[in-house]
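Here's a quick look at a few side chains and where they sit. Have the model open while you read.

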Amino acid sequence: EGLAFGVVPVISRPALGVVSGMVGAGGNLGAVITQACFFKDPHMRTDFGILYQGITIIAVTLTMLACYFPDEGAMLLKAGSLKGVY
(Lines give C-alpha, C1' and ligand atoms only; values in the text may rest on other atoms or scores of the structure.)
Protein backbone atom coordinates (compact mmCIF):
# COMPACT_ATOMS: atom_id res chain seq x y z
CA GLU A 1 0.00 0.00 0.00
CA GLY A 2 2.78 2.44 0.80
CA LEU A 3 4.39 1.78 -2.56
CA ALA A 4 1.27 2.86 -4.44
CA PHE A 5 0.84 6.00 -2.33
CA GLY A 6 4.54 6.82 -2.85
CA VAL A 7 3.85 7.34 -6.55
CA VAL A 8 0.97 9.76 -5.93
CA PRO A 9 3.04 12.99 -5.57
CA VAL A 10 4.86 12.24 -8.82
CA ILE A 11 1.66 12.03 -10.84
CA SER A 12 0.27 15.51 -10.19
CA ARG A 13 1.29 17.90 -7.42
CA PRO A 14 -1.60 20.35 -8.01
CA ALA A 15 -4.17 17.54 -7.85
CA LEU A 16 -2.54 15.67 -4.97
CA GLY A 17 -5.78 15.26 -3.02
CA VAL A 18 -7.74 14.03 -6.02
CA VAL A 19 -5.08 11.52 -7.06
CA SER A 20 -4.66 10.33 -3.47
CA GLY A 21 -8.41 9.80 -3.18
CA MET A 22 -8.49 7.87 -6.45
CA VAL A 23 -5.64 5.63 -5.30
CA GLY A 24 -7.42 5.01 -1.99
CA ALA A 25 -10.72 4.23 -3.70
CA GLY A 26 -8.93 1.96 -6.15
CA GLY A 27 -7.41 0.08 -3.24
CA ASN A 28 -10.82 -0.44 -1.68
CA LEU A 29 -12.27 -1.60 -4.99
CA GLY A 30 -9.33 -3.96 -5.44
CA ALA A 31 -9.97 -5.44 -2.00
CA VAL A 32 -13.64 -6.07 -2.84
CA ILE A 33 -12.77 -7.68 -6.19
CA THR A 34 -10.02 -9.81 -4.65
CA GLN A 35 -12.29 -10.98 -1.87
CA ALA A 36 -15.01 -11.86 -4.37
CA CYS A 37 -12.55 -13.80 -6.54
CA PHE A 38 -10.87 -15.82 -3.80
CA PHE A 39 -13.61 -16.34 -1.23
CA LYS A 40 -16.88 -16.54 -3.21
CA ASP A 41 -16.58 -20.24 -3.99
CA PRO A 42 -17.97 -22.22 -1.03
CA HIS A 43 -15.56 -25.07 -1.78
CA MET A 44 -12.48 -22.83 -1.49
CA ARG A 45 -10.70 -23.28 1.81
CA THR A 46 -9.95 -20.03 3.61
CA ASP A 47 -6.24 -20.78 4.01
CA PHE A 48 -5.85 -21.39 0.26
CA GLY A 49 -7.76 -18.19 -0.48
CA ILE A 50 -5.40 -16.21 1.75
CA LEU A 51 -2.38 -17.91 0.16
CA TYR A 52 -3.56 -17.13 -3.38
CA GLN A 53 -4.42 -13.59 -2.37
CA GLY A 54 -0.89 -13.11 -1.00
CA ILE A 55 0.67 -14.47 -4.20
CA THR A 56 -1.48 -12.12 -6.27
CA ILE A 57 -0.52 -9.11 -4.14
CA ILE A 58 3.19 -9.90 -4.51
CA ALA A 59 2.87 -10.37 -8.29
CA VAL A 60 0.94 -7.13 -8.78
CA THR A 61 3.32 -5.19 -6.53
CA LEU A 62 6.29 -6.35 -8.60
CA THR A 63 4.82 -4.48 -11.56
CA MET A 64 5.71 -1.25 -9.72
CA LEU A 65 9.34 -1.95 -10.63
CA ALA A 66 8.45 -1.10 -14.23
CA CYS A 67 7.09 2.38 -13.38
CA TYR A 68 9.54 5.01 -14.65
CA PHE A 69 9.13 8.77 -14.47
CA PRO A 70 11.64 10.76 -16.54
CA ASP A 71 12.03 13.52 -13.92
CA GLU A 72 11.97 11.31 -10.84
CA GLY A 73 13.42 8.01 -12.03
CA ALA A 74 12.29 4.58 -10.93
CA MET A 75 12.88 2.24 -8.03
CA LEU A 76 16.03 0.82 -9.64
CA LEU A 77 16.98 3.63 -12.07
CA LYS A 78 18.06 7.23 -11.58
CA ALA A 79 16.19 10.11 -13.18
CA GLY A 80 17.15 10.59 -16.82
CA SER A 81 18.86 7.22 -17.15
CA LEU A 82 16.57 6.14 -20.02
CA LYS A 83 16.86 9.29 -22.14
CA GLY A 84 17.30 7.51 -25.48
CA VAL A 85 14.76 4.80 -24.75
CA TYR A 86 11.93 6.61 -23.00
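Is Y52 buried, partly exposed or exposed? With a relative accessibility of 36%, Y52 is partly exposed; that label covers whatever falls between buried (under 20% relative accessible area) and exposed (over 50%), using a 1.4 Å probe and protein chains only.

## Ground rules

This is a predicted model, so to speak with cut-offs: local features need pLDDT of at least 70, side-chain atom pairs count only at pLDDT 80 or more, and totals for chains, interfaces and linings use all residues. Numbering runs from 1 along each chain as its sequence is written, and side-chain values use heavy atoms, leaving out hydrogens and water.

## The aromatic pair

The count comes to one aromatic pair. F48 and Y52 make a stacked pair, 6.2 Å centre to centre with 15° between the planes. For Phe, Tyr and Trp (its six-membered ring), centres must lie within 6.5 Å; planes under 30 degrees apart are stacked, over 60 edge-to-face, and the rest tilted.

F48 and Y52 are four residues apart in helix α3, so about one helical turn separates them. Helices here are DSSP runs (H or I, at least four residues), numbered from the N terminus. F48 is partly exposed too, at 34% relative accessible area.

## I55

Helix α3 also holds I55, which is partly exposed at 48% relative accessibility. From I55 to G17 it's 38 residues in sequence and 30 Å in space, C-alpha to C-alpha.

How values were computed
Helices (H or I, at least four residues) and strands (E, at least two) are DSSP runs, numbered from the N terminus.
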